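Please read the following explanation with the structure open beside it, looking up each residue as it comes.

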Amino acid sequence: MVDLRFRDIVRFSCGCNMVADFELKKLVKPLQDWFDGHARVLPWRDDPKAYKVWISEIMLQQTRVEAVKPYFARFMEALPDVEALAACPEDRYLKLWEGLGYYNRVRNLHAAAEQIMEQYGGTIPDTVEELLRLKGIGSYTAGAIASIAYNRPVPAVDGNVLRVISRVCADDSDIMKQSVRSAMERSLQAMMETEVTNGLIPRKFNQALMELGAMVCVPNGAPHCPECPWYGFCEARLQDKIDTIPVKTRAKARRIEERTVFVIRDGEHVALRKRPAKGLLAGLYELLNVSGILEQQEALEYVKNQGFSPIRIQALAPARHIFSHVEWHMHAYVVLVEETTAPKENILFTEAQKAVENYAVPSAFSAYWNAIKMEIKE
DNA sequence: AATACGGGGGT
DNA sequence: ACCCCAGTATT
């Protein structure tokens, strides 16, 4: 077997820095052994069939394990296989995703399910090349599915892996750069192909790398080095660079948007509107709202223009919601309207209970939408 | 190479 | 406040 050494990884990956003069097998074995004793029990781990791996990996993109758990259970029950997902209407899968964020993920999931039905007879492909052609599956997810579901020796480089590998080699490359990620993928690919004949188990190794990042070499706060299977040879620790590695350029500041939100109601109905098919919160349902801050008279005028006959208007407490790149500062009014009111075509004026049950309303509106939900419960 | 795209938890 | 999260698609 080729005697790949750790410094080869480092050189492949960034060409800078560190050399650690130990063999790669010292990295693999302790990690896999540690994982055997410390792996969390997760709902998508007991039975690593491709569909479960796929759905969980998409949900886990930029999302914490704890947040995913309830969504995963609900999703698997409602849509237990590719065929069911492919046949699911938009409003239903959006409702299943409601509150999880990055809604294009579920839109792409549905599109990919259709692709899989048409091109692969309902079977999720097992190669990175084919997986990459599916909507919503990029380099990480293709590697995760191929390795975890099919045990192929391919890397799955996510934020955890970037952090853990950077630290163990004390590599100070900026992990926000695509080039750094690609290089790490290439080096891990080469290593895995070699070591798979020497005890490396792809599905175990990749999950272990991520588990280490999630539980020991943590993203926030100090890593738990004494618990780390790599304690003895982590270069970042040996060189006292735990606080400076990984290196990441910080994102630019958010812009702030002032908006005015309308809770338009009669005794039992509430007004909702479906958002455009593209852009922020695409396809979800929202309380009517406009850009800018409207005075009460202007607000009343707006509500009339939407086809309603207002009886009473009252200001609500302002609320804010923070997205990745935007921050909404919301001013709001509750407007009581006549029951015979006739809103414009693009507006739904439905029973509050039906609205809550059937339509996905983003968390951005929760300051106002939760009040409707509470009412339903009584 | 940048930017859009959610929401929530940690420090 | 700021960081980050089992990232991807688009520009």
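**The DNA strand and the aromatic rings**

Of those atoms of DNA strand C that lie within 4 Å of the protein, 65% are sugar or phosphate atoms, and the rest belong to bases. This is a predicted model, in which local features need pLDDT of at least 70 and side-chain atom pairs count only at pLDDT 80 or more, while totals for chains, interfaces and linings use all residues. Residues are numbered from 1 along each chain as its sequence is written, chains are lettered from A and ligands numbered from 1 in the order in which they are written, and side-chain values use heavy atoms, with hydrogens and water left out.

Around DNA strand C there are 27 residues, the closest being Gln62, Arg64, Gly136, Asp158 and Arg163; a residue is near a strand if one of its heavy atoms lies within 4 Å of it. By kind, the residues of this surface divide into eight nonpolar, nine polar and 10 charged, where Ala, Val, Leu, Ile, Met, Phe, Trp, Tyr, Cys and Pro count as nonpolar, Asp, Glu, Lys and Arg as charged, and the others, Gly among them, as polar.

Phosphate oxygens of DNA strand C are approached by backbone and side chain: a backbone N or O atom of Gly136 lies 2.6 Å from one phosphate oxygen, and a polar side-chain atom of Asn160 lies 3.1 Å from a phosphate oxygen. Two or more residues of the surface near DNA strand C come from each of helix 3, helix 9 (139–149) and helix 10 (159–169), helices being DSSP runs of H or I with at least four residues and strands runs of E with at least two, numbered from the N terminus.

Turning to the rings, a search of the whole structure finds eight aromatic pairs, meaning rings of Phe, Tyr and Trp (its six-membered ring) with centres within 6.5 Å, called stacked if the planes are under 30 degrees apart, edge-to-face if over 60 and tilted otherwise. Tyr51 and Trp54 form an edge-to-face pair, 6.1 Å centre to centre with 70° between the planes, and both lie in helix 3 (residues 50–60), three residues apart, about one turn of the helix. Phe308 and Phe349 are also paired edge-to-face, at 5.4 Å centre to centre and 65° between the planes. This pair links distant parts of the chain, 41 residues apart, with Phe308 in the loop between helix 14 (296–305) and strand 5 (310–322) and Phe349 in strand 7 (residues 347–351).

Terms used:
Polar contact = N/O pair within 3.5 Å; in protein donor to acceptor, adjacent residues only side chain to side chain.
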